[in-house]
Amino acid sequence: MSGKYKPQFPRVAQLKTAELFRNHLEKEGINLDFDADVISGPDSPFAKSHTLKSGRTIGNAMCILPMEGWDGTTDGRPTELTKRRWQNFALSGAKLLWGCEAVAVRPEGRANPNQLMLNEQTFTDFVGLFQLLQTTHQEHFGDTSDLLIGLQLTHSGRFCKPTDKKRMEPKILYPHPILNKKFGLADDYPVMTDSEIDSIIEDFIKAAVLAQKAGFHFVDIKHCHGYLGHEFLSAYDREGKYGGSFENRTRFLRDIVTGIEAAAPGLEIGVRMSIFDWVPFQKGPEEIGIPAKSDSYRYAFGGAESGIATDLSESFLFLKELEKLGIELFCTTAGSPYYNPHIQRPALFPPSDGYQPPEDPLHGVARQIQATAEIKKAFPNLYVIGSAYSYLQEWLPNVGQEVLRTGKADSIGFGRMGLSYPDMPADILSGQGLKRAKICRTFSDCTTAPRNGMISGCFPLDPLYKKMPEYDQLKALKGE
Ligand SMILES: Cc1cc2nc3c(=O)[nH]c(=O)nc-3n(C[C@H](O)[C@H](O)[C@H](O)COP(=O)(O)O)c2cc1C
Ligand code: SF4
């Protein structure tokens, strides 16, 4: 996006009082509640702990969402930058670390050549990462008995780039009428065979066994953002045992879960899922996002036929499946950063391969909060974490507190805010006030950088990244 871009929506930082914020929400017709005052200390809804059926406790209602850095070694090990990011997660004050980033289960399933990968060769590095989280948290908060740490296991499916940062090597489940074209795949680009999928399931199970041995309390079987697990859910047109019926489209999940239960008893399992999806968007007039297709669209799992509205009926069926499988940990997200980023990570400034926001990004925040609330209401026994709060900026604590207080979710997830302002959770709890200079302003540099072959990080606000040559490259790219 050009540096000349003038946001068409008011900046959240300008909505300085509760009255201004409320008036803006009303004027825009955005259905978003918030508490005018934020409580700190043990009575804060953010301080509420939760004990899982297994007896394990999560010490508060804040969660660090998985955030990849594109900065591992090419054989899938963490670097000093990876370790620094994980340390920041551990000192955040959140008692649930969901992820902590996407970790590939096999080399060709990586989203980039520097994605972490868990296998026999990298196992000891993951032991080190887990211990780093524990010791860092212990040093800052004096107790790790209530810190729950998961590892997000993934195969990037349609968005694999295992060898070259700029070259996709997709592994697809069905020819998608819009995404095949968007990413330059012929209509007859080969789809993965059932036996290839069987062997990926084995890799997930092997990785889960290693994660448990390394100390992780749970693994997330990633079902979001257009990656492999998510693509199964919309594989309506696929033939064979992994496509077509709902039962077939959820076989991948079931087989992994039953395999893990047998091979790694006692390991908790969680699922992060795009609870709704929409049609892919593209640049329209004045670079504003418009749907890539305006008539009926069949491939949005959790989406209505219009492609631009939510219909959670199949998502609910998926959640019933999770309940049957005894899964308690559920993290919500939406859409995909590759084809409809405004519903996935609402931002005022789009990434370089995106489009200007077609709506006030607060609509995107409210949409995810409402869909998550519907899920929490229908599945009260799940422990539900919500996402996409970073765009709220100064108002994140106020909205998050209202969500927790009224039971719309059990935990508030911190994504981009965790990069720019890692210890925001601790500051919310202590009541000492927010550090404005660290608040994420959704500049999207952490997405633009990897889209252009660089590492990710908060270049504009994190002092370490600010000094990096990549930041100058980014500014040049944006015409600044
Ligand atoms: C740089 C970057 C890396 C991300 N990496 C992951 C990831 O590895 N796994 C995942 O499930 N989501 C990932 N996400 C999505 C976030 O977890 C989160 O859903 C999203 O940023 C919206 O939350 P927020 O508004 O708090 O940022 C990433 C997002 C960004 C910006
Ligand atoms: S680069 Fe920093 S300020 Fe920009 S979206 Fe990412 S975390 Fe937020």
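Student: How do the residues of the shell around ligand 2 divide into nonpolar, polar and charged?

Tutor: In this predicted model, the shell around ligand 2 divides into six nonpolar, two polar and three charged residues.

Student: What makes a residue part of the surroundings of ligand 2?

Tutor: A residue counts if one of its heavy atoms lies within 4 Å of the molecule. Ligand 2 is surrounded in this sense by Arg-416, Cys-440, Arg-441, Thr-442, Phe-443, Ser-444, Asp-445, Cys-446, Cys-458, Pro-460 and Leu-461. Cysteine counts as nonpolar here, so Cys-440, Cys-446 and Cys-458 belong to that class.

Student: How many cavities of 30 Å³ or more does the model have?

Tutor: The count comes to six. A cavity is a set of points where a 1.4 Å probe fits but cannot get out.

Student: What volume has the largest cavity, and which residues lie closest to its centre?

Tutor: The largest cavity holds about 490 Å³ of space. It is lined by 31 residues, and Pro-66, Met-67, His-225, Gln-344 and Arg-345 are the closest to its centre. By class, the lining has 13 nonpolar, eleven polar and seven charged residues. Helix H15 (residues 445-451) gives the largest share of the lining, four residues.

Student: What is there to say of the second largest cavity?

Tutor: About 130 Å³ of space lies in the second largest cavity. Its lining has 14 residues, with Pro-341, His-342, Ala-347, Pro-350 and Pro-351 nearest the centre. Seven of the lining residues are nonpolar, four polar and three charged.

Student: Which value goes with calling the peptide bond from Gly-99 to Cys-100 cis?

Tutor: Omega of the bond from Gly-99 to Cys-100 is near -15°, and the bond is cis. Cys-100 sits in the loop between strand S4 (96-97) and strand S5 (102-104).

Student: What is noted about phi of Ala-388, and where is Ala-388 found?

Tutor: Phi of Ala-388 is near 75°, a positive value in a residue other than glycine. Ala-388 lies in the loop between strand S12 (383-386) and helix H12 (396-405).

Terms used:
Residues numbered from 1 in each chain as written. Chains lettered and ligands numbered in written order. Predicted model: local features only at pLDDT ≥ 70, side-chain atom pairs only at ≥ 80, totals over all residues. Heavy atoms only, no water. 1 Å grid on protein atoms, 1.4 Å probe; cavity = no way out; pocket = protein on both sides within 12 Å on 5 of 7 lines; lining within 4 Å. Points joined across faces, edges and corners; volume = space filled by probe spheres on them. Helix = DSSP H or I, 4+ residues; strand = E, 2+ residues; numbered from the N terminus.
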